[in-house]
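Work through the exercises below with the coordinates open. Try each task before reading its solution.

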Amino acid sequence: MLVTQCENSNLIIVLVTDQFNCERIILAGRKLANENNGNLLVLNVNRPDYTQNPEAIEFLYKVSKDNDATMLVHYSEKPEKYISQCIEENQPMAVVTGIPSSKNSILHKLWLRFGNTTFYMADTNGELSKVMITDRIVT
């Protein structure tokens, strides 16, 4: 299944979508990894019909490399399933995300599914806040 080059102890997974706006999320993940002597995995999952932008992938690679992170880009018909497998198999100490773009965001589903996993959101300034139960439930 999913194999990463990161050691799983104190693994921080950073989930990114928009590669050009990922830097603040990756930086926040790096800060958390540093505080916990952890490893950083940057995960970008898109559908196969996603229009690829080589410059965006290169930018994501550069930011990941500059922050000593393993980068994984994956294309899947079922992004939520792939991300869920990644979380299940790697048992990260935390997952860092951006702010959900809508009530239908995949993030709300992940937050609910993995109630025992610590999630953090990086705001537009890159400041981390722990995802609380009230964030996980969408009304």
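This is a predicted model: local features need pLDDT of at least 70, side-chain atom pairs count only at pLDDT 80 or more; totals for chains, interfaces and linings use all residues.

**Exercise 1.** How many salt bridges does the structure hold? Find the one formed by Arg-113 and say which parts the pair ties together.

*Solution.* Begin with the count: there are two salt bridges. Arg-113 pairs with Glu-88, with 2.7 Å between the closest N and O atoms. Arg-113 belongs to helix α4 (residues 106-113) and Glu-88 to helix α3 (residues 79-90), so the bridge ties together parts 25 residues apart in sequence. Arg-113 is at 48% relative accessibility and counts as partly exposed. Glu-88 is at 36% and also counts as partly exposed.

**Exercise 2.** Why does the ring pair of Phe-20 and Phe-59 count as tilted? Locate both rings.

*Solution.* Two values are needed. A pair of aromatic rings is described by the distance of the centres and the angle of the planes. By the pairing rule, the count is one aromatic pair. The ring centres of Phe-20 and Phe-59 are 5.7 Å apart, and the planes meet at 40°. Stacked needs under 30 degrees and edge-to-face over 60, so the rest count as tilted. The angle of 40° thus makes this pair tilted. Phe-20 lies in the loop between β1 (11-16) and α1 (23-35), while Phe-59 lies in helix α2 (residues 54-66), so the pair ties together parts 39 residues apart in sequence. Phe-20 is partly exposed at 39% relative accessibility. Phe-59 is partly exposed at 25%.

**Exercise 3.** Is Thr-97 buried or exposed? List its contacts beyond four places in sequence.

*Solution.* First, the element: Thr-97 is in strand β4 (residues 94-97). Second, the accessibility. The relative accessible area of Thr-97 is 1%, so this residue is buried. Third, the neighbours. Leaving out residues up to four places away in sequence, Thr-97 touches Leu-15, Ile-25, Leu-107, Trp-111, Phe-119, Tyr-120, Met-121 and Ala-122.

**Exercise 4.** Which residues make the nonpolar surface patch of about 300 Å²?

*Solution.* The patch is made by Leu-112, Ile-133 and Ile-137. Take Ile-133. This residue is in helix α5 (residues 133-136). Its relative accessibility is 57%, so Ile-133 counts as exposed.

**Exercise 5.** What radius of gyration does the protein have, and what would a compact globule with 139 residues have?

*Solution.* The protein has 14 Å. A compact globule with 139 residues would be near 14 Å, so the two agree. Then the elements: five helices and six strands. From the N terminus they run β-α-β-α-β-α-β-α-β-β-α. Finish with burial: 44% of the 139 residues are buried. Among contacts between residues at least 6 apart in sequence, 71% join residues at least 24 apart.

Conventions
Residues are numbered from 1 along each chain as its sequence is written. Side-chain values use heavy atoms; hydrogens and water are left out. Helices (H or I, at least four residues) and strands (E, at least two) are DSSP runs, numbered from the N terminus. Buried means under 20% relative accessible area, exposed over 50%, partly exposed in between (1.4 Å probe, protein chains only). Contact means heavy atoms within 4.5 Å. Rings of Phe, Tyr and Trp (its six-membered ring) pair if their centres lie within 6.5 Å; planes under 30 degrees apart count as stacked, over 60 as edge-to-face and the rest as tilted. Patches are made of residues with over 30% relative accessible area and no salt bridge: like charges are joined within 9 Å, nonpolar side chains (Val, Leu, Ile, Met, Phe, Trp, Tyr) within 5 Å. Accessible areas come from the Shrake-Rupley method with a 1.4 Å probe; for residues, only the protein chains shown count as cover. A salt bridge is a side-chain nitrogen of Lys or Arg within 4 Å of a carboxyl oxygen of Asp or Glu. The radius of gyration is taken over C-alpha atoms; the globule rule is 2.2 Å times the number of residues to the power 0.38.
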